[in-house]
Amino acid sequence: MVTEIASRENSYQLAFRALQERQQDERTGWLQRLRANAIERFAELGFPSVKDEEWKYTNVAPLAAIDFKPALLQTTSASELEVEKLAPFRCVETAQSELVFMNGMLRKDLSSLSAIPDEVVAMDLSEAIADERYREIVWKHLAQQADYVADGFTALNTALVSHGAFVYLQKNAVMKAPLHLLFISDGAETASFPRVLLVAGENSSGTLIESFGSVNDSRYFTNAVVEIVLKDGACLEHYKVQRESIEAFHVANTSADLGPNSSYDATTINFGARLSRHDVHVTMDNEGAECWVDGLYLVTASQHTDTHSVIDHRKPHCTSHQLYKGILDGKSRAVFNGKIFVRHDAQKTDAMQTNKNLLLSNEARVDTKPQLEILADDVKCAHGAAVGQIDEEELFYLKARGIHPDLARNLLTYGFAEEVIGKIKIESIREQLDEAVLHRLNARLEA
């Protein structure tokens, strides 16, 4: 085991050193220092264990025991067959506004940005760092929202930060077509480290789709970090769809900083991966900010999914809404830990949090822990959690009208999921997710 750990550490350390040597530039000395600080922090923290309070229900030892090879220094190519396999993950609405990443590396030949207006910049993060027009923006915001000091996975991603997506909406920019960031994996035993930095200027607006998938069923590791900065009055709709290989490991951190009177509407769908973890952190340090942080996880067999969210109200007159729903089958397990902080100065806060779970199997298990920490006295806050099975009265109602019991259960399960899927405004994504839910339910019916 010691040999395995040393080999794994060497893989990441070698990738870090190679990256530092390859990208030596006095103009980006700050980036080299950032990486060096992060790899040092990762060496101190390592991967978390169940002894850590934030990870007590999610054991990443199986992930840590595998010698994944970082893919960011490898050259990837796509065959015609692989291109065809991208079709299930693409959206009609983003045919001309899509950046495709293979194993974390941008594939310009598979991407198209013709529908993106001049007031919006979307490019590879490494190119933005090298471009004097955007270098200062990246320097100002990169690694400022996602805390690599506190989290080993974020530290590792930051230590190997290079490629990824840089999205910049200039003041008053309107991005009519959604921008799709499609992250595809096709390599076994590889590790990729997607990084996204989105900065939305004053009164700008747009929609971001962030999706993860695989063209095969190989075992790999995705460690993704997304940082979002919304300036005064900016509005962003953000959809994340995780459909990784059933053998994959997916760990992600999404951190957003909301400016005055800004609006952040996020919906996360988790279907894939053997083990997935998503940390969401929204900071509301300006008056008038509002956010929606919703999600759906659908797991079966022995899948494990974990969602940890923190919505931090620091200033008055801010509003947050959160609805997470889970459907569990087989021997799957889900974890939901949602925290709402209301600081001393955050008077007139309005915060609502709900987690609902539907168990389709007696062997499925969910650990849910909604939390409120309120230090202000003039607020309106509520939270709640529910875990249950299909309502027998609703089932009886459908059976009494001649619907087969198994079909009736599927209809009720589909209706439970549709509350979250239905809020997605991108029609092709809704259709894909509807099909995915129905496919899983039909597979269960046939089994």
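Select strand β6, residues 179-185: both of its faces are covered, with Leu179, Leu181, Phe183 and Ser185 buried on one side and His180, Leu182 and Ile184 buried on the other. Seven of its seven residues are buried. Buried here means under 20% relative accessible area, exposed means over 50%, and partly exposed lies in between (1.4 Å probe, protein chains only). Strands are DSSP runs of E with at least two residues, helices are runs of H or I with at least four, and both are numbered from the N terminus.

Before moving on, note that this is a predicted model, in which local features need pLDDT of at least 70, side-chain atom pairs count only at pLDDT 80 or more, and totals for chains, interfaces and linings use all residues. Residues are numbered from 1 along each chain as its sequence is written, and side-chain values use heavy atoms, leaving out hydrogens and water.

**Stop 1: the neighbours of β6**

β2 and β6 pair in the parallel sense over five bridges. Two strands count as paired if DSSP finds at least two bridges between them. Look for valine 100, which stands opposite leucine 182 in β6.

**Stop 2: the whole sheet**

Step on from β9 to strand β11, residues 235-243. This pair is parallel too, over nine bridges. Threonine 207 has glutamate 237 in β11 as its bridge partner.

The order is β3-β2-β6-β9-β11-β13-β15-β17-β19-β21: 10 strands in an open sheet with mixed pairing. Which strands lie at the edges? They are β3 (105-106) and β21 (380-388), each of which pairs on one side only.

**Stop 3: a helix over the sheet**

α9 lies across β13 (263-270), β15 (290-299), β17 (319-328) and β19 (350-359), and runs at about 150 degrees to β17. Axes are lines fitted to C-alpha atoms, for helices over the stretch in contact, and angles run from 0 to 180 degrees between N-to-C directions.

The crossing of α8 and α9 is right-handed. A crossing is right-handed if the near helix is turned clockwise from the far one by less than a right angle, and left-handed if anticlockwise.

Show side chains at this contact. Glu392, Glu394, Leu395, Leu398 and Lys399 of α8 meet Pro405, Ala408, Arg409 and Leu412 of α9. Contact means heavy atoms within 4.5 Å. By class, the α8-α9 contact has five nonpolar, no polar and four charged residues. Ala, Val, Leu, Ile, Met, Phe, Trp, Tyr, Cys and Pro count as nonpolar, Asp, Glu, Lys and Arg as charged, and the others, Gly among them, as polar.

**Stop 4: α2 against α7**

Select helix α2 (residues 29-45) and helix α7 (residues 152-159). Their axes come within 8 Å and cross at roughly 145 degrees. This crossing of α2 and α7 is left-handed. From α2, the contact uses Leu34, Arg35, Ala38, Ile39, Arg41, Phe42 and Leu45; from α7, it uses Gly152, Ala155, Leu156, Thr158 and Ala159. The α2-α7 residues divide into eight nonpolar, two polar and two charged.

**Stop 5: strand β5**

Go to residues 165-169. Five of the five residues of β5 are buried. Ala165, Val167 and Leu169 lie on one side, and Phe166 and Tyr168 on the other. Strand β4, residues 120-124, pairs with β5 in the antiparallel sense over five bridges. Methionine 123 has phenylalanine 166 as its bridge partner in β5. Strand β8, residues 195-200, pairs with β5 in the parallel sense over five bridges. Leucine 169 stands opposite alanine 200 in β8.

**Stop 6: single residues**

Pick aspartate 306 in strand β16, residues 304-313. Is aspartate 306 buried or exposed? Aspartate 306 is buried, at a relative accessible area of 2%. Beyond residues up to four places away in sequence, aspartate 306 touches Thr58, Ser276, Arg277, His278 and Val335.

Finish with two backbone checks. Most residues other than glycine have a negative phi. Asparagine 261 has a positive phi of about 55 degrees, and sits in the loop between β12 (249-258) and β13. Asparagine 261 is exposed, at 54% relative accessibility. Histidine 317 has a positive phi of about 60 degrees, and sits in the loop between β16 and β17. Histidine 317 is partly exposed, at 45%.
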